[in-house]
Amino acid sequence: MNSFGQKFKFTTFGESHGKALGCIVDGVPAGIKVDESFIQSEMDRRKPGQNAFATARSEGDRVEILSGVFEGLTTGTPISMVIFNENQKSKDYTNVKDLFRPGHADFTYFHKYGIRDYRGGGRSSARETAARVAAGAIAKLLLKELNIEVLSGICEIDGIKGSKADFEFAKTSEIFSLDKDKEEFQKEAILNAKKEHNSVGGVALVKVKNAPKGLGEPLYYKLDSQIANAMMSINAVKGIEIGDGFESVSKKGSENNDEIRSFGFKSNHSGGILGGISNGDEIDIKVYFKPTPSIFIKQETIDINNNEVECELKGRHDPCVAIRGSVVAESMMALVIADMLLLNMSSKIENIKKVYI
């Protein structure tokens with residue numbers, strides 16, 4: 001399945017070492033001002049080759065809008081966007097074309113389809129997420145019309161946890177760190193792993209500000225279930241927490257409940273979601289990324305003929321995929337919220353009457 005969403009829906013296409021990647025975004029209301037410089041700035045946050053903490057693969061990630069926009073406004077028809085690959089080095093993968101790289105999707109893709117694109121993992125590569133960020137930028141343009149903001153940053157790298165959530169600082173950090181007091185320690189952990197030809201994992205914090213009450217479609221399209229669906233679809237994500245998440249299991253109900261006063265909730269242990277529906281508070285989630293599986297250390301594996309062999313990778317890879325992954329998580333959150341906004345419009349008859357009567 002290559003599509004996501006019900007009303008605000010996007011489909012991605014393309015492979016890591018193919019000619020191009022892209023997406024088609026459908027269900028976008030007409031009349032939204034399209035800021036192409038903003039879309040490109042979102043791509044620039046995710047793109048590789050920017051510093052020592054990301055892969056050396058250098059891609060411009062320039063977005064070309066092919067349809068759905070006229071004279072700077074959305075037309076209500078599908079928006080198609082393409083991103084041409086510019087810096088593929090497919091020869092880096094010829095030595096592993098018949099091997100299953102440990103920690104990658106090579107093994108499962110091959111056994112599902114009987115064929116695979118060994119050039120950087122093909123469709124299973126995190127390169128596909130460039131198209132998601134392009135789609136997410138369109139979602140953000142819709143959210144901007146309603147003063148809804150989605151933010152993200154890194155709160156943990158290699159077990160080094162930050163105690164602050166400074167999203168303004170994260171915008172200036174090379175690794176999007178949310179805690180300036182822990183940033184250098186987190187950077188050091190990444191660079192040490194890189195020197196050892198290894199990798200580290202990390203955790204991204206994603207926040208939604210000014211989300212209205214009522215987003216989410218129980219029982220089988222809940223806001224939290226779709227957030228989980230969106231985040232778990234990102235490469236290398238192994239878990240998410242909503243609000244206090246796993247910590248809530250060790251609390252008493254009296255500690256975990258968010259008491260309510262006339263001004264709103266006194267706390268936000270729920271992460272802004274109750275019963276699968278947004279409660280008007282800030283939506284907070286954590287996204288857990290495993291260490292990048294592409295490491296330059298010899299590992300044991302098998303080939304397509306089930307022979308036991310050694311795998312020794314070449315190429316260019318992120319020592320910590322969580323960093324650029326945080327931008328993707330932010331984009332996916334924007335897409336979920338945009339979809340839920342449109343779905344929620346038909347939840348009450350008075351909403352329909354406002355349009356037609």
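Predicted model: local features only at pLDDT ≥ 70, side-chain atom pairs only at ≥ 80, totals over all residues.
**The five-stranded sheet**

An open sheet is built from five strands in the order β9-β8-β10-β16-β11, and the pairing is antiparallel. Its edges are formed by β9 (160-161) and β11 (237-242), each of which pairs on one side only.

Helix α5 (residues 183-195) lies across β8 (149-157) and β9, and runs at about 65 degrees to β8. Helix α6 lies across β11 and β16, at about 155 degrees to β11.

Helix α6 spans residues 223-232, and its buried residues are Leu223, Gln226, Ile227, Ala230 and Met231. These residues are on the same side of α6, because they cover an arc of only 135 degrees around the axis. An α-helix has 3.6 residues a turn, so residues three or four places apart point the same way.

**The β17-β18 hairpin**

Strand β17 (residues 299-302) runs antiparallel to strand β18 (residues 308-311), and four bridges join the two. Ile302 is paired with Glu308 in β18 as its bridge partner. The two strands form a hairpin with five residues between them, and Asn306 in the turn has a positive phi of about 70 degrees.

| Elements | Relation | Value |
|---|---|---|
| β17 and β18 | antiparallel pairing | four bridges |
| α5 and β8 | angle | about 65 degrees |
| α6 and β11 | angle | about 155 degrees |

**Packing of α1 and α8**

Helix α1 packs with helix α8 (residues 322-344) at an angle of about 145 degrees, and the axes are 8 Å apart. On the α1 side the contact involves Glu42, Arg45 and Arg46, which meet Arg324, Val327, Val328 and Glu330 in α8. By class, this contact has five charged residues, two nonpolar ones and no polar ones.

**Annotated binding-site residues**

Arg46 carries the annotation "binding site" in an unreviewed UniProt entry. Arg46 belongs to helix α1 (residues 36-46). Its relative accessible area is 3%, so Arg46 is buried, the cut-off being under 20%. Apart from neighbours within four places in sequence, the contacts of Arg46 are Asp61, Ala126, Arg127, Thr129, Ala130, Val133, Arg324, Val327 and Val328. Of these, Arg324, Val327 and Val328 are in α8.

The unreviewed UniProt entry also lists, as "binding site", Arg123, Ser124, Ser125, Asn235, Ala236, Gly275, Lys290, Pro291, Thr292, Pro293, Ser294 and Arg316. These positions spread over 194 residues of sequence and are also spread in space, with up to 43.5 Å between C-alpha atoms.

Ser124 lies in the loop between α2 (106-113) and α3 (129-145). Ser124 is buried, with a relative accessible area of 17%. Leaving out neighbours within four places in sequence, Ser124 is in contact with Ala105, Tyr109 and Asn235. Asn235 is itself among the positions that UniProt lists.

Pro293 is in the loop between β16 and β17. Beyond its neighbours within four places in sequence, Pro293 is in contact with Pro102, Gly103 and His104.

Technical notes. Residues numbered from 1 in each chain as written. Heavy atoms only, no water. Buried < 20%, exposed > 50% of the residue type's maximum accessible area, 1.4 Å probe, protein only. Arc of directions from axis to C-beta. Pairing = 2+ DSSP bridges. UniProt positions renumbered as here; feature names shortened; annotations may be inferred. Contact = heavy atoms within 4.5 Å. Axes fitted to C-alpha atoms, helices over the stretch in contact; angles between N-to-C directions. Nonpolar A, V, L, I, M, F, W, Y, C, P; charged D, E, K, R; others polar.
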